[in-house]
Amino acid sequence: MNRKMPYDQILVMVVLILVGIGLVLVFSASPVMSKEIYGTSAGIFARQLIAVLLGLLLLLLAMRTDYHRYANEWVVYGSFVLVIGLLAWVLINPDVNGASRWIHLGPARFQPSEAAKLVAVFMLSFLLTRKGGQIDRLDRQLITALGLIGVLILLVGIEPDLGTSISLLVTAGILLFIAGLNYRYYLLLLLASIPLYYFLVHQVPYRRARIEAFLDPQADPFDTGYHILQSLVAVGSGGLMGKGLAQGTQKLFFLPEPHTDFIYAVLGEEYGLLGCVTVLLLFAVFICRGIQISMRADSIFGTYLGLGVVTMIGFQALLNMSVVLGLCPTKGIPLPFLSVGGSSAVIMLMSVGILLNISRHSRGQLAARAKPAVPGKSTSQKLKWEER
Amino acid sequence: MAISQDNRQLQLRIDYLRVAIVLVFLALVFKIWLLTVVDYERYAELATRNQIRTIPLTAPRGMVVDREGAVLVENIHSFNLFLDREQVLNPDRTRRFAIRELGITPSRFDRQLDQASHYPKFQPVLLKEDLQMDEIAFLLAHQTEHPEFSIFEQPRRLYRNDALAAHVLGFVGEVSENELDLPEYAQLKPGDTIGKAGVERVWNAVLTGTDGFSRAFVNSHGKILEEVGRTPPVIGETLALTLDKELQEVAEAALGDGPGAVVALDPRDGQILVMASKPSFKPNLFATRISMEDWEELIGNPDHPLQNRAIQSTFSPGSIFKITMALAGLEAGLVDANTRVFCSGSVELYGHTFHCWNTGGHGHMRLREAIQHSCNIYFYLLGRKLGIDQISAFSQTVGLGEKTGVELSGEVAGLVPSKEWKRKAFGQRWYDGETISVAIGQGPLNVTPLQLARSIGIIVSGFRPKLHLLLESGEAGLAPSATPQPRMFREENLRLIRDAMWSVVNEGGTGSGARVAGFDVCGKTGTAQTISNRTRERLSEEEQQKYVPNAWFVGFAPRDNPELVVAVIVQRGGSGGASAAPLAGRLFSAYYEKYKKPEPKLQLAAVN
């Protein structure tokens with residue numbers, strides 16, 4: 001058993017390229033916005049650069065931290081309680097505009113909902129590992145897991161940050177699906193979501209407007225359909241090769257938040273089909289490598305944790321790009337590694353670090369396929385595949 | 001068993017997931033292909049049409065009002081022509097259209113674009129101000145061919161009373177390239193307006209508002225579809241001046257075309273109520289671009305209409321200076337009310353014969369009569385007693401020969417001669433004979449009308465307040481009669497001078513033209529030669545006409561508690577009594593009517 005495999009270098013490369021592309025795009029897209037917000041054209045870029053550097057530092061740290069250490073009640077519940085506390089804190093201290101998403105720390109600010117995603121992944125991985133094969137049994141553990149995740153989703157949802165809360169929900173759903181949760185639960189969830197949709201979307205005018213705008217963006221190009229149409233115009237007018245670095249004009253207040261949620265549209269306008277597909281492929285490679293790493297992990301906890309991280313990042317990426325390309329209604333979800341957003345950048349890069357550490361504790365692919373190692377009994381606390 | 005089943009199940013579920021992911025990726029790639037390849041033309045067209053325009057929302061400058069809030073300067077709407085450089089497709093075509101069809105001179109067009117080249121492209125460039133209706137109609141008709149031109153409504157400076165108080169108010173103009181380099185104007189961009197003279201310039205920073213802008217979504221014809229962002233402009237602060245618009249009007253009407261100047265101030269607190277200078281100019285001509293002809297006319301006029309004679313021109317004070325001499329003598333203890341001098345019409349001093357204007361002589365003169373009849377001999381002899389250095393020092397005490405410090409720029413100091421001055425300026429010693437000329441306000445003595453008014457204010461009230469044009473809050477009414485400040489001179493001396501000046505106006509003296517029934521106007525006339533007698537003798541009749549003396553009148557009222565000092569100079573007016581005093585009289589009368597006249601009896605209102 002090779003317990004000291006090298007880090008997955010392809011994954012490292014892919015992430016670094018994505019982060020690099022992100023910085024170039026932010027540099028191009030943000031000056032006008034930045035001047036509006038901070039008075040200087042480099043403000044947003046500088047902040048993002050600092051966040052990325054901090055994220056890379058945490059990536060290195062996480063990469064060198066044995067991920068098995070996270071399979072510990074103290075770590076899991078501790079981080080859960082911490083993040084619940086932070087979420088509660090922002091709810092009690094809302095921003096001036098009514099939303100409460102930020103914790104202000106001097107010049108910096110932090111979005112606890114970003115951390116909530118990672119904490120949810122930790123907790124699910126931990127609980128699913130404990131449960132072993134008995135995933136479908138609706139026992140106390142499953143109810144606890146669903147309940148705790150539900151609390152997170154609820155807290156994030158009432159901030160309100162519906163985008164992140166959907167992201168959490170889907171990540172949890174996919175993780176449970178992978179773990180073998182019976183399909184009938186998903187059918188149940190679908191049925192349950194109809195009243196939820198009614199109350200959370202249909203009854204909230206601005207969300208409903210987004211859905212309607214998505215369904216027919218041309219109907220009212222200057223109001224709700226505006227964002228989607230502008231995004232399509234940006235990508236479409238980029239053509240095959242794009243207009244070139246910093247040549248895009250859609251970011252000049254046509255695109256809403258060109259540096260955050262719509263950075264992929266800026267990419268489309270400035271680098272065309274070539275740029276869009278490149279980034280898409282990079283995410284594809286990331287997801288493939290991520291799944292591969294997870295499947296080769298030396299423990300079932302590692303597999304779940306890795307898959308959780310890949311799901312979290314991959315789902316956000318696909319959702320964000322779908323929104324930009326007009327395949328999905330708009331939701332405030334950033335594009336991992338590319339969008340401006342310090343909290344997101346830091347958490348995403350840290351998650352990659354965890355994934356990289358899992359890649360270090362790999363069983364080696366062939367061995368796994370030929371002779372699937374049998375993990376300990378479902379009730380066993382011994383988590384490593386080979387320790388049976 | 002359960003375990004390996006788990007593993008297999010895990011593998012199965014992962015495979016499902018992989019299929020789902022591949023499908024999503026395919027959908028995304030397909031959509032990218034649809035957007036960038038299939039529908040490229042359409043989106044490219046939409047993107048070029050998708051233009052945002054930045055529409056400048058020029059902040060109006062603050063208003064300027066008089067002491068009672070009457071508007072002197074305000075703003076009106078004006079339609080200005082701008083060029084949006086982002087919309088220019090063919091620069092040559094744009095330039096040709098601007099020059100041939102819109103009547104912009106090539107030099108202006110190139111200069112404006114050249115200046116703007118250092119500024120962001122989305123900022124429209126100002127090409128022409130104050131478009132007329134036919135120009136606007138023409139441009140709108142050609143908007144489709146030339147979407148790069150836009151018309152924006154902007155505030156324009158309006159001097160409501162045209163030339164009234166033009167020198168005080170000043171004018172505005174487009175900031176020049178050199179001015180843009182000054183730190184004071186660092187925030188500005190080409191096309192912005194700044195104050196170039198007068199109050200507009202001195203308080204430019206206060207008057208200037210904060211420009212706003214609007215970003216609007218426009219279609220391919222430049223029509224504004226929707227505003228996407230707006231920073232509203234903030235109007236500049238309103239300035240309240242100490243000027244009294246009604247009195248200013250009276251003064252300017254009385255001056256006619258001049259040349260001359262009128263100043264009126266409150267000696268108790270230094271408020272300037274009137275400052276008029278003629279000939280004048282119309283600041284409204286500068287509010288848009290001044291035409292070449294108008295400019296050349298202003299510059300070519302030998303009487304320099306742009307010059308503010310009240311503070312930028314100096315004149316010999318002539319006999320007005322006798323008042324300063326009188327108080328100097330009294331304060332120095334060299335003369336008193338009863339000191340008598342005999343005027344025979346001339347006197348021989350230092351080997352020269354000095355004449356009185358009354359060649360027949362005034363006979364015995366005390367100070368009061370000497371002032372009343374403006375006897376030269378009395379003041380020749382007083383001047384000899386005082387000596388130039390005492391005269392000089394006392395003149396400075398009453399503020400002559402130095403800037404008053406009024407808030408306008410370009411004020412000159414004038415000149416009070418002294419021995420030291422002569423030595424420094426000419427390297428020569430002072431001749432005592434020169435003192436004699438100075439004693440009657442001739443010689444190298446030069447003052448501005450404002451200075452002279454202030455000096456009389458100081459002499460008759462004994463206070464020396466700082467002159468000002470900006471009305472401070474709570475100052476709007478006339479100053480209270482009791483001022484706690486200690487008086488600078490002995491009260492009895494002041495009373496003597498005030499009485500003497502009263503007699504000039506009210507007891508058959510030279511200033512009777514300034515008399516106002518019911519109002520104790522006091523004053524002193526002056527007739528100041530502009531060349532020396534000896535030079536005059538050498539000139540022909542015709543040339544002598546050009547050097548008619550300047551006529552002065554400086555007065556105050558009421559006698560016992562002066563609250564208004566008026567100085568009038570009519571250049572080439574001849575005798576002060578004939579041309580300056582009646583003019584001052586009209587101003588005193590207007591002041592009296594406005595502020596001092598007792599309320600009409602109530603019965604008048606109750607007749608019906």
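In what order do the five strands of the open sheet in chain B stand? The order is β12-β11-β19-β18-β17, with antiparallel pairing; strands are DSSP runs of E of at least two residues and helices runs of H or I of at least four, numbered from the N terminus, and two strands pair if DSSP finds at least two bridges between them. At the edges are β12 (272–278) and β17 (522–528) of chain B, each of which pairs on one side only. From one strand to the next the twist averages 5 degrees. The structure is a predicted model, in which local features need pLDDT of at least 70 and side-chain atom pairs pLDDT 80 or more, while totals for chains, interfaces and linings use all residues. Residues are numbered from 1 along each chain as its sequence is written, chains are lettered from A and ligands numbered from 1 in the order in which they are written, and side-chain values use heavy atoms, without hydrogens and water.

Seven bridges join β18 (residues 550–557) and β19 (residues 564–570) of chain B in the antiparallel sense. Helix α23 (residues 576–596) of chain B packs on the sheet and touches β11 (260–265), β12, β17, β18 and β19 of chain B, contact being heavy atoms within 4.5 Å. The direction of helix α23 makes about 30 degrees with that of β18(B); axes are lines fitted to C-alpha atoms, for helices over the stretch in contact, and angles run from 0 to 180 degrees between N-to-C directions.

B:W33 is located in helix α1 of chain B. This residue counts as partly exposed because its relative accessibility is 41%, between the limits for buried (under 20%) and exposed (over 50%), with a 1.4 Å probe and protein chains only.
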